[in-house]
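Please look over the chain shown below.

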Amino acid sequence: MGKSIRDTQLEYYGKKIPGLAAFANIWLPVITAFAFWGLCTSNLSEMSALTIAIKLIYPLFSLITTIVIRAYDKGSYYTSLCYLVYIAILYLYRSLSMFFSSFDVFRVFGDAAANTDAVLGTEGIISGIVGAGAAIGTGIIIISTLFTLAIVLFFSIYYISIFVVHRKFFLTPFLELKKQYQEM
């Protein structure tokens, strides 16, 4: 019954909304499952209060958006927009945290290797090897973080634009869409 109402609402709207079904039926449930998996596999006792709050808010917000999007109304429109902005900001925050952490690790490894060279008298051999390894590891982390950030930002911007372009579909009540459809 509910699916036929959504299909009828899309028919009354008269335009295709690219990716809406995939967003509601594939992407949101998958993101929600991964968000809960991340929460379940986290060691919350070693995290800051901000990190714990983010870890708790993310799966709950994902679940709420997954449930609310089914209505195709004002609530689903605003919830989805807020959710998309939230995940873009969340991944930007995570990426910046990863960048700063990886640079700190690189610096610490370099300092430790230099101290080892000074103690052992190896004239930079150990610091060169450790520095090269740390540079490669940091590069891999930075590239993978940038790739993930690019995907999430593209996803968020794409769906924000879809929601903004087709806001009439979400913000117009069902009966008014039906009336406009019958007048055509």
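Phenylalanine 155 counts as buried at 14% relative accessibility, where buried means under 20% relative accessible area, exposed over 50% and partly exposed in between, with a 1.4 Å probe and protein chains only. This is a predicted model, in which local features need pLDDT of at least 70, side-chain atom pairs count only at pLDDT 80 or more, and totals for chains, interfaces and linings use all residues. Residues are numbered from 1 along each chain as its sequence is written, and side-chain values use heavy atoms, with hydrogens and water left out.

**Overall fold**
- The chain has seven helices and zero strands. Helices (H or I, at least four residues) and strands (E, at least two) are DSSP runs, numbered from the N terminus.
- Along the sequence the pattern reads α-α-α-α-α-α-α.
- Of the 184 residues in the chain, 30% are buried.

**Contacts across the sequence**
- Phenylalanine 155 sits in helix α5 (residues 125-165).
- Leucine 171 belongs to helix α6 (residues 167-171). Leucine 171 is partly exposed, at 26% relative accessibility.

**Aromatic rings**
- Rings of Phe, Tyr and Trp (its six-membered ring) pair if their centres lie within 6.5 Å; planes under 30 degrees apart count as stacked, over 60 as edge-to-face and the rest as tilted.
- This rule gives 20 aromatic pairs.
- One of them joins phenylalanine 61 and tyrosine 83 edge-to-face, at 5.4 Å centre to centre with 90° between the planes.
- That pair links distant parts of the chain: phenylalanine 61 is in helix α3 (residues 49-68) and tyrosine 83 in helix α4 (residues 74-120), 22 residues apart.
- Both phenylalanine 61 and tyrosine 83 are buried.
- Phenylalanine 169 and phenylalanine 170 also form an edge-to-face pair, with 5.0 Å between centres and 80° between planes.
- Phenylalanine 169 has a relative accessible area of 0%, so it counts as buried. Phenylalanine 170 is buried too, at 2%.
- Arginine 94 lies over the face of tyrosine 91, 5.2 Å from the ring centre. A charge sits over a ring if NZ of Lys or CZ of Arg is within 6 Å of the ring centre and within 35 degrees of the ring normal.

**Surface patch**
- Ile26, Trp27, Val30, Phe34 and Trp37 make a nonpolar surface patch of about 580 Å².
- Patch residues have over 30% relative accessible area and no salt bridge; like charges are joined within 9 Å, nonpolar side chains (Val, Leu, Ile, Met, Phe, Trp, Tyr) within 5 Å.
- A salt bridge is a side-chain nitrogen of Lys or Arg within 4 Å of a carboxyl oxygen of Asp or Glu.
- Tryptophan 27 lies in helix α2 (residues 20-40). Tryptophan 27 is partly exposed, at 40% relative accessibility.

**Cysteines**
- The structure holds zero disulfides, a disulfide being a pair of cysteine sulfur atoms within 2.5 Å.
- Cysteine 40 is exposed, with a relative accessible area of 62%.
- Cysteine 82 is partly exposed, at 47% relative accessibility.

**Backbone detail**
- Tyrosine 72 has a phi near 50°, a positive value in a residue other than glycine.
- Most residues other than glycine have a negative phi.
- Tyrosine 72 lies in the loop between α3 and α4. Tyrosine 72 is buried, with a relative accessible area of 7%.

How values were computed. Areas by Shrake-Rupley, 256 points an atom, 1.4 Å probe, with all protein chains shown as cover.
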